[in-house]
Amino acid sequence: MTDLPGRENDPNENPFAMFGNPEQMAQAMRQFADMLSAPQGSGPVNWDMAKNIARHAVVAEGDPSVMEGERRQIVEALRLADLWLDEATALPSGVATPQAWSRSEWIENTVPVWRTLCEPIAQRMVDTMGGALGGAGLPAEAQQMAGPLMGMLKQMGGMMVGQQIGQALGSLAREVIGTTDIGLPLSGTAALLPGGIASFSQGLELPADEIRLYLALREAAHHRLFQHVPWLRSHLLGAVEEYARGITVDTSALEEQIRGLDISNPQAIQEALSGGALLKPEETERQKAALARLETTLALVEGWVATVVGQAADGKLPSAGALAETVRRRRATGGPAELTFGTLVGLELRPRRLREAAALWQSVKDARGVDGRDALWGHPDLMPTADDLDDPDAFVRGDSTWDISQLDAEPGTPGQDDEGDKS
């Protein structure tokens, strides 16, 4: 009788019990098929598999398609926000085709940038896993004989890393509001997520249309920078890549984590590979310089956005001050999304000096006007440094050794009708 206690897993009573949880088994089979379908030379991670895992993660918790009414509200908010920004900055519009995305659409549209950011770490993880799973201490002759097996083991390592990246992106997609939450240009399209706006709005006793418009102002302001300051995108992404290349994998910790790991259990893989314990910065001078450059530029981007959005919303959006403080706290404290990014790339992506940067931009605007402030984005050598954040008044008083008029021929000078970086 199958209703007797303890008999529900008896293979004589349930012939399929030996295969474990049917859903987990089905998911494992899908992932194994994805692994085998990965084209040779496609890199350390099967990104189709990672996308599928991420989308499955968000759909499991509910990811409805964007309704027409929601889409219209967001598109109108982004367009209105863009008009307001015309009065607050000399940089031209960066919003060509405003969109509203579901969480699944956010994953699909931002994966190309994630691929660039994650692959330096992923390659190290996969190579280390191949050695750990295959017994890196084998003699050279034995390793040569085991060549095909080692290739399969590396594929398994790639599957595990892809599993981790997919889970991390799925987690991040449940928190983001748009394409610029983490301060990096994840897409060339300005877009907001109705689900992300709803999550952000929880607990805020403020009008929904004001919240939506304020978040649209931030999204549109970021895109003005990323579209019309061509050096900025490569500067930020290059600093992340430079830092990531200095990350090493703790081999002994990894071997301990994957010993006896059941690859059919997604939760076990997530727990084994998550957290910063496996990733160790080398802390070379080059890596420290990349991190300092990244943190300073992030602070300058966020500080400029906060200043410009505050100016654009002044007198038009009563709740702008309260919303600005909410966003500051959200960016400063990080939270689950911060941990997720740390797992993916190996560092915290946080503008630690946001207030100092915002104060500096405000001082420059007061002294030189909007055009003078925004002209500094025309060339990276004109930008304030970390030392300038310590003493913004000295930066404002100082005479630049650069003649800004000499930069007119260079792409990215604010106010020019150039194509910018559309990617």
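Please keep in mind that the model is predicted.

I begin with the aromatic rings. A pair of aromatic rings is described by the distance of the centres and the angle of the planes. The structure holds four aromatic pairs. One of them joins tryptophan 231 and tryptophan 377, which are stacked, at 6.2 Å centre to centre and with 25° between the planes. This pair links distant parts of the chain, 146 residues apart: tryptophan 231 belongs to helix α9, residues 230–245, while tryptophan 377 lies in the loop between α15 and α16.

Is tryptophan 377 buried or exposed? Tryptophan 377 is buried, with a relative accessible area of 0%. Tryptophan 377 also pairs with tryptophan 361; the ring centres are 5.4 Å apart and the planes stand at 20°, so this pair is stacked as well, because planes under 30 degrees apart count as stacked. Here the partners are 16 residues apart, with tryptophan 361 in helix α15. Tryptophan 361 is buried at 0%, and tryptophan 231 is buried at 14%. Together with Trp304, these residues form one aromatic cluster.

I turn now to charges over rings. The charged end of lysine 316 sits over the ring of tryptophan 84, 5.4 Å from its centre. Likewise, the charged end of arginine 368 sits over the ring of phenylalanine 395, at 5.6 Å from the ring centre.

Finally, consider serine 319, in the loop between α12 and α13. Serine 319 is buried, because its relative accessible area is 7%, under the 20% limit. Its side chain makes a polar contact of 2.4 Å with the side chain of glutamate 210.

Note on methods: Residues are numbered from 1 along each chain as its sequence is written. This is a predicted model: local features need pLDDT of at least 70, side-chain atom pairs count only at pLDDT 80 or more; totals for chains, interfaces and linings use all residues. Side-chain values use heavy atoms; hydrogens and water are left out. Helices (H or I, at least four residues) and strands (E, at least two) are DSSP runs, numbered from the N terminus. Buried means under 20% relative accessible area, exposed over 50%, partly exposed in between (1.4 Å probe, protein chains only). A polar contact is a pair of N or O atoms within 3.5 Å; within protein, one must be able to donate a hydrogen and the other to accept it, and residues adjacent in sequence count only if both atoms are side-chain atoms. Rings of Phe, Tyr and Trp (its six-membered ring) pair if their centres lie within 6.5 Å; planes under 30 degrees apart count as stacked, over 60 as edge-to-face and the rest as tilted. A charge sits over a ring if NZ of Lys or CZ of Arg is within 6 Å of the ring centre and within 35 degrees of the ring normal.
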